[in-house]
Amino acid sequence: MARMTIELPNEIVETVTQTAGTLCVSKVEVLRRMFTILRITQEEKKKGNGLGIVNGDKVVARFIGV
């Protein structure tokens, strides 16, 4: 596995830290999950699909520009 050093704004670091605590996972795991979601989003965008939040059969929010 490759290593990478990145610089992030403080608010993103805080979000990652809080999310890691909430999910009881490492900050690295939070970032891995975030990048997995981004990869899936990009794959679906190529197919003409979008990203959204659904409640049952109803779309309650759509993400634009992701």
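Reader: What share of the 66 residues of the protein chain counts as buried?
Author: In this predicted model, 6% of the 66 residues count as buried.

Reader: And how many helices and strands does the chain have?
Author: The protein chain has 2 helices and 2 strands. Read from the N terminus, the order of these elements is α-α-β-β.

Reader: Is the chain a compact globule or more spread out than one?
Author: The protein chain is more spread out than a compact globule, because its radius of gyration is 15 Å, well over the 11 Å that the globule rule gives for 66 residues.

Reader: What box do the C-alpha atoms fill?
Author: Taken along the principal axes, the box is roughly 35 × 25 × 20 Å.

Reader: A change of topic: where is Val 25 found?
Author: Val 25 is in the loop between helix H1 (10-23) and helix H2 (27-46).

Reader: Why does Val 25 count as partly exposed?
Author: Val 25 has a relative accessible area of 22%, and partly exposed residues are those between the 20% limit for buried and the 50% limit for exposed.

Reader: Which residues does Val 25 touch, leaving out those up to four places away in sequence?
Author: Val 25 touches Ala 20, Val 30 and Arg 33.

Terms used. Residues numbered from 1 in each chain as written. Predicted model: local features only at pLDDT ≥ 70, side-chain atom pairs only at ≥ 80, totals over all residues. Heavy atoms only, no water. Helix = DSSP H or I, 4+ residues; strand = E, 2+ residues; numbered from the N terminus. Rg over C-alpha atoms; globule rule 2.2 N^0.38 Å. Buried < 20%, exposed > 50% of the residue type's maximum accessible area, 1.4 Å probe, protein only. Contact = heavy atoms within 4.5 Å.
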